Amino acid sequence: MTRSVIIDPVTRIEGKLSLELSVDETSNAVVSAKAAGSLFRGFETIVLNRDPRDAAPILSAICGVCYCDHHIASVRAVENAAGMTDYSADYSTEQTSIPMNAVLGRNLVLGADWTYSHMVHILALAGPDYHLYGLLDALKPNYAVSGYADLLRQFIIPAQQYINQAITLWGGKTPHPRAIVPGGNPVRPTPDVVEQTRARIAQARALTDQILPTVWNYLTANATLLGGLGQGPGNFISMGAFPDPTSADGTSNMQLLIPRGVVRYPNTTPDPFDPGRITEDTSLSWYNQPTPEAVVGEQTPVPDMSGSQAYTWAKAPRYDGMICESGPLARECISGIYPKLGQVLHVAMPDVAGLPFNARGSAFDRMTAEAMELLALVGSANTIQNLEFLGEPLNLSPVDLLNSLGLPQAGLLESWLDGMKVDQPSYNPSYRNPGNAEGIGLGEAPRGSLLHWISVKNSKVANYQVLAPTTWNASPGGPLEGALLGTPVGQTGTDDDLRPTAYVVRSFNLCMACAVHAIDARGNDRYLRMG
Amino acid sequence: MGVGAVVTLYSSEIKRVISQVAEQGAGKIHLIWLTLASETGCTISMLQASNPDLIEAVETLGISVDFWKALMTPDYDLGWVSAGYTREDLSQVPLDNAAFGSAPVDVLVVEGAPQLGTPAGGNPGDFCTVGKFNGNTVTGYEILQRLAAKATYVIALGQCSSFGGIPAARGNVTGAVSVTQALKTAAVATKKPVINIPGCPANPDWTLVTLATVLQGFDPDLDELGRPKAFFSSYVHDNCPRRDAYDRGEMAKTFDDPVGCFWDLGCKGPITQSSCANTKWNSGTSFCTQAGPMCWGCMQPNFPDPPTSGFFSPVEQTPTIVGVTVDDVGELAIGGTAGILAVHAIRRSLRKEDSETSGEKASQAPEQAEEAKS
């Protein structure tokens with residue numbers, strides 16, 4: 001016998017998601033799960049028949065959280081179609097005719113977008129489910145924080161505002177700075193803009209320094225619990241981010257700080273990434289598309305709710321037919337930073353085998369990888385607070401941790417700022433409409449892999465496809481549904497009944513508007529309680 | 001303090017207005033934040049409000065935020081308990097109580113466009129559903145009708161709810177329209193005119209001032225498009241940092257031109273009404289034509305369709321809308337836009353004459369030449 005638990009809407013996520021769980025009455029564990037997106041907007045047809053450059057200012061509005069990511073992915077697709085950027089045959093490196101300043105400027109804006117998004121997700125959205133990581137108790141000796149609202153007002157809201165202000169200096173406003181255009185970044189790095197940006201990042205860093213060690217210590221103290229929840233498929237995908245113009249010869253053959261690759265469980269070494277191997281299956285989605293189609297060149301399917309098995313607007317992307325997990329954990333496994341973090345822990349605590357805690361991913365691994373990424377981006381000046389693992393002191397501060405991982409102490413954001421040539425051009429005006437061409441924009445957003453593909457005919461957009469991170473993770477039959485299997489659901493009538501479910505769901509940092517730009521969700525009757 | 005004073009307010013004075021509301025000691029204001037076809041950008045934008053920030057405003061204004069899916073947290077009450085929310089309740093209970101029960105709704109904020117279309121094999125409005133109520137799946141369009149009829153004030157927040165925005169743009173298949181149009185189609189009367197605060201996203205500081213105005217018991221002074229006149233009376237072009245360059249006839253040739261006016265490269269400042277240049281964004285940090293390069297027209301009624309796009313075509317070269325089905329709002333907008341274009345055409349011809357007499361010549365950008373060829 002099973003009982004049904006329906007959570008609709010799932011609150012504190014971007015977009016509309018519902019969950020329907022079947023829970024075994026004897027074992028009290030989830031035996032089947034359906035995650036559904038319940039909003040369809042249809043961006044891929046809205047951009048048709050327009051100037052290719054007009055796509056980005058429209059597609060940035062796929063998501064009100066990772067706006068810079070969609071905008072830049074679209075600009076990159078158009079630049080690829082126009083012959084301004086190109087990928088090596090194995091997609092491992094890039095070359096571009098946009099100036100080095102623009103490459104670094106885009107890294108900065110994207111990285112800042114990830115930074116604020118991780119702050120908001122870890123602290124404001126997921127935080128309540130994780131008992132606010134014990135932050136109230138940790139901060140009370142020095143700050144007047146008696147509740148969540150105080151934490152929001154004194155730390156979370158200002159920290160993310162400073163980062164958004166930094167983006168605003170380069171794009172006019174957030175959300176949706178639309179300044180970046182094919183050919184580069186029109187905003188030149190003047191000394192004034194650079195120093196104002198540096199000041200904002202420093203202000204955000206000062207706030208995160210007060211918070212992140214406590215978050216880290218909470219997660220690692222609960223590693224055994226959280227590591228046993230939310231096992232993923234073990235297949236990871238990354239479409240690469242942050243090209244490094246100082247590698248190789250300037251903007252030719254640029255290496256990527258976060259490489260592209262696909263890990264096929266049980267292997268841990270990534271294979272090269274090839275966008276041609278991605279298909280989208282709509283057999284469980286509300287579209288009229290009889291068979292899976294390659295996403296590159298796919299014809300946008302027509303919405304159709306008549307299929308009896310279908311329950312979501314999200315499609316199901318697969319790589320070589322495989323279910324893949326996307327996000328900070330996936331890219332840190334592919335870049336090697338996360339296993340390296342495991343080695344640091346192993347040195348300090350020989351009993352620890354390493355990371356990932358669960359080779360196929362877990363709630364612990366996802367949250368820790370996201371917190372690690374936030375630290376790497378914003379940096380730290382904190383040499384005092386001691387980090388712990390499993391409740392044991394590591395004799396490592398956040399600064400020590402960055403040093404031992406070979407990451408810049410002042411953070412990646414500031415390193416890109418430092419790399420810019422002040423007052424030098426960051427825009428190449430040679431863009432011309434390619435007339436007839438195709439282009440692909442590959443990248444990573446805060447929540448995972450992002451692909452934009454454009455076909456230009458007679459100088460207009462003839463076809464456009466977007467594949468967003470949450471479409472991988474919340475796809476029907478995908479990583480989220482799989483990770484929920486086996487999750488215990490209590491019957492005590494308290495908040496703790498659904499807490500393990502919340503741990504799992506939050507760890508994926510879902511963004512449903514992205515997934516069904518195309519997604520938001522549909523579900524049903526029980527609120528996802530947070531503690 | 002009357003609405004007239006609000007008209008002249010800029011961000012440094014927002015806090016004062018809001019504390020004046022607090023001094024009046026109004027009771028709890030019940031607010032429902034309904035999300036339809038949107039991307040949560042207007043919610044994220046509210047997190048960027050400063051002086052006061054969002055939490056301070058909610059607490060100072062005495063707002064009970066009974067439902068706000070993206071931010072609601074029952075354990076740390078921002079009003080949910082007063083809406084009948086208890087720890088054992090379901091997530092949509094406050095929304096259910098407001099839409100189908102007797103819970104009061106003083107202010108309804110709508111983020112996103114209502115979608116009236118019918119997917120193949122589905123029912124009208126099925127492109128967006130908001131949950132199950134009494135066993136039935138309810139569409140965003142239906143719950144909007146129920147809440148709007150009940151609310152004292154309806155605020156259509158952001159471009160999608162004010163004018164349809166991107167979800168309602170050319171090529172959409174979901175029947176997305178503005179809140180005003182949806183309510184007109186459904187023959188739902190609101191107690192007061194819908195307040196439109198357009199923009200992609202809506203500016204959080206303008207939103208809080210408008211809210212404060214409402215909570216003082218004043219009806220905001222709205223223009224013919226339902227926008228508070230306080231924030232939508234002037235054109236971006238009028239107060240642009242590069243306005244001097246325009247007046248001197250110095251036109252930018254490339255997007256990274258440090259001085260020139262971006263009219264020829266497609267700036268929509270000349271046809272876009274907003275206070276962006278006055279209040280700026282993100283705590284007064286910057287705005288589109290200050291950071292560069294240009295205004296994208298994201299607050300104009302037809303965004304992202306003509307005349308705001310092609311985004312890279314000068315406004316005078318943008319084709320006029322002919323044969324496009326538009327609602328009343330759209331018709332007004334076209335009329336208004338045509339008038340503005342005429343005004344600027346006059347100003348521009350004067351400028352050109354000036355340039356010619358002084359021997360200068362506005363040069364044509366490569367992008368523009370490219371457009372002319374295609």
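Thr40(B) sits in the loop between strand S1 (29–35) and H3 of chain B. In this predicted model, Thr40(B) has a positive phi of about 70°, although it is not a glycine. Thr40(B) counts as buried because 26 other C-beta atoms lie within 10 Å, and the cut-off for buried is 20 or more.

Ala187(B) also carries a positive phi without being a glycine, here about 55°. Its place is the loop between H8 and strand S7 (195–197) of chain B. Ala187(B) is exposed, because it has 7 other C-beta atoms within 10 Å.

One runs from Gly292(B) to Pro293(B), with omega near -5°. Another joins Ser309(B) and Gly310(B), with omega about 0°. Pro293(B) lies in the loop between H13 and helix H14 (328–357) of chain B. Gly310(B) is also in the loop between H13 and H14 of chain B.

| Site | Backbone value |
|---|---|
| Thr40(B) | phi about 70° |
| Ala187(B) | phi about 55° |
| Gly292(B) to Pro293(B) | omega near -5° |
| Ser309(B) to Gly310(B) | omega about 0° |

**Chain B and its domains**

Chain B holds 15 helices and seven strands. Of its 374 residues, 60% are buried. Take the contacts in chain B between residues at least 6 apart in sequence: 73% of them join residues at least 24 apart.

The chain divides into domain 1 (7–230) and domain 2 (234–373). Where do they meet? In chain B, 22 residues of domain 1 are in contact with 18 residues of domain 2. On the domain 1 side, the elements giving two or more residues are helix H7 (159–163), helix H8 (179–185) and helix H9 (204–215) of chain B. By class, that side has nine nonpolar, 10 polar and three charged residues.

**The interface between the chains**

Between the chains, 69 residues of chain B are in contact with 76 residues of chain A. On the chain B side, the elements that give two or more residues are helix H3 (41–46), helix H4 (54–60), strand S4 (129–133), helix H13 (288–291) and helix H15 (366–373). The largest share, four residues, comes from H3(B). This side of chain B has 33 nonpolar, 25 polar and 11 charged residues.

**The largest nonpolar core**

The largest nonpolar core has 277 residues, and Leu108(B), Leu147(B) and Val154(B) touch the most other members. Helix H4 (residues 100–125) of chain A gives the most to this core, with 16 residues. Each of domain 1 (7–230) and domain 2 (234–373) of chain B supplies at least three residues.

Leu108(B) has contacts beyond its neighbours within four places in sequence. They are Ile32(B), Leu34(B), Leu147(B), Ala148(B), Ala151(B), Val154(B) and Ile155(B). In soluble globular proteins, nonpolar side chains tend to be buried together.

**Helices and sites in chain A**

Helix H9 (residues 328–335) and helix H10 (residues 337–348) of chain A pack at about 75°, with their axes 5 Å apart. H9(A) is therefore roughly perpendicular to H10(A). H9(A) contributes Leu329(A), Glu332(A), Cys333(A) and Ser335(A) to the contact, and H10(A) contributes Ile337(A), Tyr338(A) and Pro339(A). These residues divide into five nonpolar, one polar and one charged.

Helix H13 (residues 411–419) of chain A is mostly covered, with seven of its nine residues buried. The buried set is Gly411(A), Leu412(A), Leu413(A), Glu414(A), Ser415(A), Trp416(A) and Leu417(A). These residues pack against H4, helix H7 (191–221) and helix H11 (363–378) of chain A.

Is Cys324(A) buried or exposed? Cys324(A) is buried, because 28 other C-beta atoms lie within 10 Å. Its loop runs between strand S12 (316–319) and H9 of chain A. Cys324(A) and Trp472(A) are 148 residues apart along the chain, with their C-alpha atoms separated by 6.5 Å. Not counting residues up to four places away in sequence, Cys324(A) touches Pro233(A), Asn235(A), Phe236(A), Ile237(A), Val262(A), Tyr319(A) and Trp472(A).

Val399(A) belongs to helix H12 (residues 398–404) of chain A. Val399(A) counts as partly exposed because it has 18 C-beta neighbours inside 10 Å. Leaving aside neighbours within four places in sequence, Val399(A) is in contact with Ser380(A), Ala381(A), Asn382(A), Thr383(A) and Gln409(A).

Technical notes:
Residues numbered from 1 in each chain as written. Chains lettered and ligands numbered in written order. Predicted model: local features only at pLDDT ≥ 70, side-chain atom pairs only at ≥ 80, totals over all residues. Core = buried A, V, L, I, M, F, W, Y, C linked by C-beta atoms within 7 Å. Buried ≥ 20, exposed ≤ 12 C-beta atoms within 10 Å, placed from the backbone. Domains from an automatic or database assignment. Contact = placed C-beta atoms within 7 Å. Nonpolar A, V, L, I, M, F, W, Y, C, P; charged D, E, K, R; others polar. Axes fitted to C-alpha atoms, helices over the stretch in contact; angles between N-to-C directions. Parallel < 35°, antiparallel > 145°, perpendicular 65-115°, else oblique.
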